[in-house]
Amino acid sequence: MQIVSDYFKRHEEQAFIAKAFLMILLIILVREYLSGLLSLLFILFPVVFLVYIRFQAAAEGISPYDLLKEHITFIPIMRAEGDRKTEVVPWVTYGIILVNVLIFYLYEAAPWGDIEFIVNNLIFLPREPNLWNCVVSAFSSMFLHARSGHLWGNMIFLWMLGTAVERRIGYSHFALLYLITGLFGGVAFVLSAFIATGEAGHAMGASGAIAGIMGIFAVRCYFKSMIFPIPILGIFSLILPISLKVRLNSLVIIGLFFLADLSGGIGQLSGESASMVGHWAHLGGMISGMILAGFLKLGEGAVEERHLEIGIKAASSKIGFGSGEQSLRQVLEHNPDNVEALLALARIKSKFGTSNEGGELYAKAIGLMAAVNPDEAATIYSEYRKVYQKALPPDILMSLAGVFQRRMELDNASRCLESVIATQPIAPELRLKALAQHAILLDKQGFEDGARRQYETLIREFPHSELALRAYARLGLKPPAHTAEPRPEAQSVPTVRAGDGKLSSSAAVTCPACSSTMQKRRANSGAHSGKLFWVCVGYPQCRGVVPVNETASPIF
């Protein structure tokens, strides 16, 4: 036993799968030898369950109603538990469901419906096979159903499994694998029928393809839990469908389906069963789905996602996060740039205060996120600042400052720009841009003294830049005689007379998108060729453009 224990400690995934198979075995044994006890428990269950809720709520110090909401559901169908991967809409799954429903009900309503044509040409195998309908029927049969119960039973399973699989493998792979596994399921059914009866089999329905998706689910989503609803009001559940949420690992559910199909399929081959269910279509689809998922190495993504989910749950837990940290480090070992893992581990390492590793993990996660999702990066940066007072790289802070300005969180934007300005050493162009943006931001907030200091610093350090010319104008000062020539495409800024050093009443032109300064440029191509525009200095990162009214008086 010690050898087995040591083996499973070194191989966590095998241990996880072994537990699922032990649960399958337990369920089979209970169903086989304790069915009478199960009937009694089903009758007494509502009372036992309500008593349990009462005592558990008292022990946890919460209301029985709140605890009851966590354990019951009004949806009386089995389904996968909540999915984090909601950013991808499973359009192919929804499309297949819609096509199946439309075909069934349009045919039901059509006065010209010809059942003979379908039976002879579109089920697999056709009753009148020829060169074209044998090929077409291999796929058309996946979209035909005999009864509404047959249709909706299949569509519920497709919705339950297909949405999770498509979000992980993409719509193109999903559509292709759906058709391929459905084809294997149909071939398996035809062969099994021929072996059992010596005659060709004829079938319709999407269950072979859906079983294929189930096989892929077993490989790619083996870690997910499924909610198995059990009615708790007995016969009254027909009136009020309240069910208990029993959470089982998806491998347990899929394993039980596989064994049921295997038993039924063997019965059909031996002649002991006359069932019309296509057990071998299910088995052919499921096995081919597992094989294809293994060939495409979908299991590697499943292992990473399982450990990531363990880590994310641990990061939000107040206690018991040791295994979560270990899981996150395993994810980062294989994928060092996994933002979710970096962020979850940063939260764990910062749970009870600052740590060098926690700060570094936050910084890396924010840096990676800023390139693809700046808004989310800004939100995480606000979280980071509550714990750490360390600055991030200046280029990241400049990006975040623009996001905060767009969101009108001006205090956060100002802090980012202050950190950039305080960074030493720093690229001159980055410091120039930060000084200019910070001056405009302070000006906008009404902090004239602070804005003037930033403008003065900009003039002192970059006296000949275009942004300095705007600073001179904003302060009411005359720029030096020998300023650098502006870029050819830029329109020179009008010179203004010297003032008293205070901010002039006419504000500099600021970008409406990011509040940076803007400069005049003349379009040299397109429909607006020759016309003047105010263009953000951050172009092309910022696309802020404002037409110039060339007949109006000078802005400065």
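# Reading a predicted model, helix by helix

Colleague: How many residues has helix α2 (residues 12-33), and what does it reach from its first C-alpha to its last?

Modeller: The span of a helix can be set against the value expected at 1.5 Å a residue. Helix α2 has 22 residues and reaches 32 Å from its first C-alpha to its last, close to the expected 32 Å. Please bear in mind that this is a predicted model.

Colleague: Which residues of α2 are buried?

Modeller: A residue counts as buried when its relative accessible area is under 20%. In α2 this applies to Glu 13, Ala 15, Ala 20 and Ile 24.

Colleague: May we place this helix within the whole chain? How many helices and strands are there in the protein chain, and what percentage of its residues count as buried?

Modeller: The protein chain contains 22 helices and seven strands. It has 556 residues, and 43% of them count as buried. As for the surface, the chain exposes about 30,300 Å², with 63% of that area supplied by carbon and sulfur atoms. Among contacts with a separation of 6 or more, 61% are between residues 24 or more positions apart.

Colleague: How many residues has helix α9 (residues 171-197), and which of them are buried?

Modeller: Helix α9 has 27 residues and reaches 39 Å from its first C-alpha to its last, close to the 39 Å expected. Its buried residues include Phe 174, Leu 177, Tyr 178, Phe 189 and Val 190, and also the glycines Gly 182, Gly 185 and Gly 186. The cover over the buried residues of α9 includes α5 (91-109), α8 (148-169), α10, α11 (250-270) and α12. After α9 comes Gly 198, whose phi is positive, near 80 degrees.

Colleague: Two of those covering helices, α10 and α12, are listed together. At what angle do the axes of α10 and α12 cross?

Modeller: A helix pair may be described by its axes, its handedness and the residues that meet. The axes of α10 (residues 207-220) and α12 (residues 279-295) come within 7 Å and cross at roughly 35 degrees. This crossing is right-handed. On the α10 side, the residues that meet α12 include Ser 207, Gly 208, Ala 211, Gly 212 and Gly 215; on the α12 side, they include Ala 281, Gly 285, Met 286, Gly 289 and Ala 293. By class, the contact has nine nonpolar, seven polar and no charged residues.

Colleague: Next, the loops. Is Phe 223 buried or exposed, and what does it touch?

Modeller: Phe 223 is found in the loop between α10 and β3 (225-231). It counts as buried because its relative accessibility is 8%, and the cut-off is 20%. Leaving out residues up to four places away in sequence, Phe 223 touches Phe 16, Asn 249, Ala 302, Glu 305, Arg 306 and Glu 309. In sequence, Phe 223 is 203 residues apart from Ala 20, yet their C-alpha atoms are 9.9 Å apart in space. Ala 20 is itself one of the buried residues of α2.

Colleague: Where is Pro 90 found, and which residues does it touch?

Modeller: Pro 90 is found in the loop between β2 (79-80) and α5. Its relative accessible area is 1%, so Pro 90 is buried. With residues up to four places away not counted, it touches Thr 163, Glu 166 and Arg 167. Pro 90 and Gly 170 are 80 residues apart in sequence and 8.2 Å apart in space, C-alpha to C-alpha.

Colleague: Which residues have a positive phi of about 60 degrees although they are not glycines?

Modeller: Such a reading calls for a look at the backbone and then at exposure. Lys 297 has such a phi, and its place is in the loop between α12 and α13 (298-316). Lys 297 is exposed, with a relative accessible area of 56%. Met 408 also has a positive phi of about 60 degrees and lies in the loop between α18 and α19. Met 408 is exposed as well, at 57% relative accessible area.

Colleague: Finally, which residues does a cis peptide bond join?

Modeller: Here the angle to read is omega. The bond from Phe 124 to Leu 125 is cis, with omega near -10 degrees; Leu 125 lies in the loop between α6 (115-121) and α7 (131-140). Another cis bond joins Gln 424 and Pro 425, with omega about -10 degrees. Pro 425 has its place in the loop between α19 (410-422) and α20 (428-445).

Methods: Residues are numbered from 1 along each chain as its sequence is written. This is a predicted model: local features need pLDDT of at least 70, side-chain atom pairs count only at pLDDT 80 or more; totals for chains, interfaces and linings use all residues. Side-chain values use heavy atoms; hydrogens and water are left out. Helices (H or I, at least four residues) and strands (E, at least two) are DSSP runs, numbered from the N terminus. Buried means under 20% relative accessible area, exposed over 50%, partly exposed in between (1.4 Å probe, protein chains only). Contact means heavy atoms within 4.5 Å. Accessible areas come from the Shrake-Rupley method with a 1.4 Å probe; for residues, only the protein chains shown count as cover. The expected span of a helix is 1.5 Å times one less than its number of residues. Axes are lines fitted to C-alpha atoms, for helices over the stretch in contact, and angles run from 0 to 180 degrees between N-to-C directions. A crossing is left-handed if the near helix is turned anticlockwise from the far one by less than a right angle, and right-handed if clockwise. Ala, Val, Leu, Ile, Met, Phe, Trp, Tyr, Cys and Pro count as nonpolar, Asp, Glu, Lys and Arg as charged, and the others, Gly among them, as polar.
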